[in-house]
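Hello,

Please load it first, then read the notes below.

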Amino acid sequence: MLIAGFPAGAWGTNCYLVAPAAGEECVIIDPGHQATQGVEETLKKHRLKPVAVVLTHGHIDHVASVVPVCGAKNVPAWIHPEDRFMMSDPEKALGRSLGAQLMGELTVGEPDDVKELHDGAELKLAGLDLTVSHAPGHTKGSVTFGLSEAADIPPILFSGDLLFAGSVGRTDFPGGSHADLLKSLARVCLPLEDPTVVLSGHGPQTTIGQERATNPYMRGLDAAPAPRRGM
């Protein structure tokens with residue numbers, strides 16, 4: 001298994017390229033703000049051919065490079081229907097003050113081919129089996145992608161902005177809900193085995209076991225929460 005990730009843009013959003021091995025087809029997860037060059041460099045370094053872009057949610061820091069990446073490679077983008085509007089209307093997704101700042105510097109819109117994600121879907125792409133879990137809270141259409149344990153790696157959860165190392169995603173943008181986020185943590189993350197590697201939308205990787213033991217949002221609401229990350 002090959003997983004190559006890099007932080008992109010002003011918000012340091014993690015973009016991941018996932019393939020069975022170097023020299024094979026791959027999936028690109030969350031090509032956000034200023035991610036195009038990093039995607040191209042990673043594809044060239046590992047001799048990868050992208051077959052799809054999959055998105056954990058629709059905030060502009062996770063989708064800003066979707067149109068150029070999909071257009072250049074002629075591949076579809078997958079997103080949950082609740083967040084699809086955000087690709088064309090980031091101002092509505094972020095609130096007028098922040099959205100207005102971004103609209104002047106970013107080209108927004110949908111790629112030519114958009115496919116919709118649904119809870120429990122099994123995506124078979126690039127020789128990978130990705131399990132989709134709807135995880136609202138950060139946004140209404142947030143999802144995670146799970147990869148089952150393989151011979152050379154433990155199970156992996158691409159958590160987007162649901163779960164970070166020591167924290168969780170913010171819920172103060174339009175469509176966010178702290179109560180829903182906690183429900184998503186309980187439904188999607190808590191049942192996973194401790195060795196499951198968490199590759200999130202921002203910050204370093206962690207494990208479910210580490211977060212179960214130390215993350216105040218995983219341990220209970222009575223603990224003092226850590227600062228929230230993400231745009």
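**Helix α1 and its surroundings**

Directly after α1 comes Arg47, with a positive phi near 55°. Helices here are DSSP runs of H or I with at least four residues, strands are runs of E with at least two, and both are numbered from the N terminus.

Two notes on the source. This is a predicted model, with residues numbered from 1 along each chain as its sequence is written, and side-chain values use heavy atoms, leaving out hydrogens and water. Local features need pLDDT of at least 70, side-chain atom pairs count only at pLDDT 80 or more, and totals for chains, interfaces and linings use all residues.

Back to α1. Gly38, Val39, Thr42, Leu43 and His46 are buried in this helix. Buried means under 20% relative accessible area, exposed means over 50%, and partly exposed is in between (1.4 Å probe, protein chains only). The five residues Gly38, Val39, Thr42, Leu43 and His46 cover an arc of only 130° around the axis, so they sit on the same side of α1. The arc is taken from the directions from the helix axis to the C-beta atoms. An α-helix has 3.6 residues a turn, so residues three or four places apart point the same way. Gln37, Lys44 and Lys45 are exposed on the other side of α1.

What do the buried residues of α1 pack against? They pack against β1, β2, β3, β4 (49–54) and α3. Contact means heavy atoms within 4.5 Å.

The α1 and α3 axes are 9 Å apart, and the helices pack at an angle of about 35°. Axes are lines fitted to C-alpha atoms, for helices over the stretch in contact; angles run from 0 to 180 degrees between N-to-C directions. From α1, the contact uses Thr36, Val39, Glu40 and Leu43; from α3, Pro68, Val69 and Lys73. Four of these residues are nonpolar, one is polar and two are charged.

**Cores**

The largest nonpolar core has 27 residues. Leu17, Ile28 and Val53 have the most contacts inside this core. Elements that give it two or more residues include β1 (2–8), β2 (13–19), β3 (25–29) and α1 (36–46). A nonpolar core is a set of buried Ala, Val, Leu, Ile, Met, Phe, Trp, Tyr and Cys residues joined through side-chain atoms within 4.5 Å. Not counting residues up to four places away in sequence, Ile28 touches residues including Leu17, Val39, Val53 and Val69.

**Salt bridges**

How many salt bridges does the structure hold? There are eight, each a side-chain nitrogen of Lys or Arg within 4 Å of a carboxyl oxygen of Asp or Glu.

- Glu116 and Arg84 pair at 3.3 Å, N to O. Glu116 lies in β6 (residues 114–116) and Arg84 in the loop between β5 (77–79) and α4 (90–94), so the bridge ties together parts 32 residues apart in sequence. Glu116 is partly exposed at 35%, and so is Arg84 at 25%.
- Lys115 and Asp113 pair at 3.8 Å between the closest N and O atoms.
- Asp172 and Arg170 pair at 2.8 Å, N to O. Shared partners join Arg84, Glu110 and Glu116 into one network of salt bridges.

Best regards

Terms used. Nonpolar A, V, L, I, M, F, W, Y, C, P; charged D, E, K, R; others polar.
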